[in-house]
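Visitor: I have a model on screen and would like to learn to read it. Please take me through it feature by feature.

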Amino acid sequence: MSNNIRELRLKPADTEKITINLGYVDLGHVDLMVQEGFYSNRTDFIRTAIRNQLQRHADVVKQSTARKSLDLGLRNYSREDLETVRRAGEMLHINVLGLATIAQDVTPELARATIASVSVLGALHASSAVKAALADRTR
């Protein structure tokens, strides 16, 4: 019977939960827009507002991304990637705008031996042990 048991790989979330505080009047305005049918719910309103602001400032974001040499989007670092870096005697400088993922099978020792710095605007997904090992290298 135990031969039929398989571990399911968890799919990483494609969103990150944030919390915001709004004044009662602003929240009332949001609720009114939802009630009037302009938006399906509060989250829809907030996502739309954020996207509109990002679009409004797209040129500045593009220039900053290029100036800071940021990888844009999703960037995954596998154990194999880091072992290749170690064999080459190099160190990585992780600069990501979006989601940076360090594989779950990467040990804290391997991470410290191959990652010189971590700067992520967005989210960093890694084991808690790897995050702790890189804490002094994370901006």
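Visitor: With which side chain does the side chain of Ser117 make a polar contact?

Guide: A polar contact is a pair of N or O atoms within 3.5 Å; within protein, one must be able to donate a hydrogen and the other to accept it, and residues adjacent in sequence count only if both atoms are side-chain atoms. Here the partner is the side chain of His93, at 2.8 Å. This is a predicted model: local features need pLDDT of at least 70, side-chain atom pairs count only at pLDDT 80 or more, and totals for chains, interfaces and linings use all residues. Residues are numbered from 1 along each chain as its sequence is written, and side-chain values use heavy atoms, leaving out hydrogens and water.

Visitor: Is Ser117 buried or exposed?

Guide: Buried means under 20% relative accessible area, exposed over 50%, partly exposed in between (1.4 Å probe, protein chains only). Ser117 has 10%, so it counts as buried. Ser117 sits in strand β3, residues 115–125. Strands (E, at least two residues) and helices (H or I, at least four) are DSSP runs, numbered from the N terminus.

Visitor: What does Ser117 touch?

Guide: Contact means heavy atoms within 4.5 Å. Leaving out residues up to four places away in sequence, Ser117 touches Leu92, His93, Ile94, Arg137 and Arg139.

Visitor: Where is Ile20 found?

Guide: Ile20 lies in the segment before α1 (24–35). With a relative accessible area of 43%, Ile20 is partly exposed.
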